[in-house]
Amino acid sequence: MNIALFGGTFDPPHCGHLALARLALARLPLDRVLLAPVGLQPLKRDNASAGFDDRAAMVRLAIAGDPQLELSLIDAPRLDGQPNYTIDTLSALRRTLSPQDHLYCLMGADSFLTIAKWRRSAELLSACDFIVGARPGFDLSRIAAALPEAISVGVADSGEAGPSGNRRDNSLVLSLSRGTGRRTHLYLLPDLAEDVSATEIRAAIGGDGDHPRQTVLAPAVLDYIHAHSLYQNPD
Ligand code: ATP
């Protein structure tokens, strides 16, 4: 089974998140994408506006009816109140999988560009393959520039293109190497075009901007937001 962990604040989950998950499913031989709301994001200064339970409930509503998208609670708030680090989440997830399962980490390019600041980033980058969604025209050199020093990057041969072995599109496969000899792949999907962020949506609901377009949020998510009076006070 090929599984991608897609972590995020999902505050709220929107069409950009779903577009990224579906693009990954379309381009890579994935069986499932696990959308895992994070309890406490280490790098977000203000952290989430809605509570974890509300964000998890909204993810469940956003993905309802899509059997390849699944809510995961693996990144629920920690009992010790500490932030959730992806390196720990991946280890915990791997313990629930069988040795034959192949694990990927899925994220947008904006998140990946901060990777050097993530806890044990070199170890993280050699712990699993990565799938990164970017906008058309994304400057590839930014990926190399974002890597921690211990990681070097090259373009993978088609023979190294991962479980599918072939690429039917304009995605690019990079090979990430660590001094230890461990190599992983980074699949860059450079044609993601949903220009939306949760920050804008929260501001719009809080009265700071236009009302969010119906297409940006799943109707059930918008209903949930209204029913629970979320995001009434802008960030
Ligand atoms: P905020 O505006 O509150 O920072 P966000 O909309 O960026 O939130 P997150 O939950 O922080 O959403 O993002 C989770 C993941 O989804 C990240 O890897 C991010 O890069 C990706 N992502 C967010 N918005 C989009 C989008 N419009 N298109 C593609 N990926 C996105």
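**Figure 1. Confidence of the predicted model along the chain.** The chain of this predicted model averages a pLDDT of 89, and 89% of the residues score at least 70, where pLDDT is the predictor's confidence in each residue, from 0 to 100. Over residues 161-166 pLDDT stays under 50, and for this stretch the model has 13 contacts beyond four places in sequence, a contact being heavy atoms within 4.5 Å. Where pLDDT is low, the predicted coordinates should not be read in detail. Residues are numbered from 1 along each chain as its sequence is written, and side-chain values use heavy atoms, with hydrogens and water left out. As the model is predicted, local features need pLDDT of at least 70 and side-chain atom pairs count only at pLDDT 80 or more, whereas totals for chains, interfaces and linings use all residues.

**Figure 2. Helix α1, residues 15-27.** Helices are DSSP runs of H or I with at least four residues, numbered from the N terminus. The expected span of a helix is 1.5 Å times one less than its number of residues, so the 13 residues of α1 should span 18 Å, which agrees with the 18 Å between its end C-alpha atoms. Buried residues of α1 include Cys-15, Gly-16, His-17, Leu-18 and Leu-20, where buried means under 20% relative accessible area, exposed over 50%, and partly exposed in between (1.4 Å probe, protein chains only). Cys-15 counts as buried because its relative accessibility is 15%.

**Figure 3. The surroundings of the Cys-105 sulfur.** Cys-105 is buried, with a relative accessible area of 4%. Its closest cysteine sulfur, in Cys-128, is 4.9 Å away, which is too far for a bond. With a disulfide defined as a pair of cysteine sulfur atoms within 2.5 Å, the count comes to zero disulfides.

**Figure 4. Residues around the ligand.** Of the 21 residues around the ligand, Lys-44, Asp-110, Glu-194, Ala-198 and Thr-199 come nearest, a residue being included if one of its heavy atoms lies within 4 Å. Oxygen atoms of the ligand lie 2.8 Å from a polar side-chain atom of His-14, 2.9 Å from a backbone N or O atom of Gly-108, and 3.1 Å from an N or O atom in the side chain of Arg-202.

**Figure 5. Arg-119 in the loop between α4 and α5.** This loop lies between α4 (109-112) and α5 (121-125), and Arg-119 counts as partly exposed at 43% relative accessibility. Leaving aside residues up to four places away in sequence, Arg-119 touches Tyr-85 and Ile-87. The C-alpha atoms of Arg-119 and Tyr-85 are separated by 6.6 Å, although the two residues are 34 residues apart along the chain.

Technical notes
Helices (H or I, at least four residues) and strands (E, at least two) are DSSP runs, numbered from the N terminus. A polar contact is a pair of N or O atoms within 3.5 Å; within protein, one must be able to donate a hydrogen and the other to accept it, and residues adjacent in sequence count only if both atoms are side-chain atoms.
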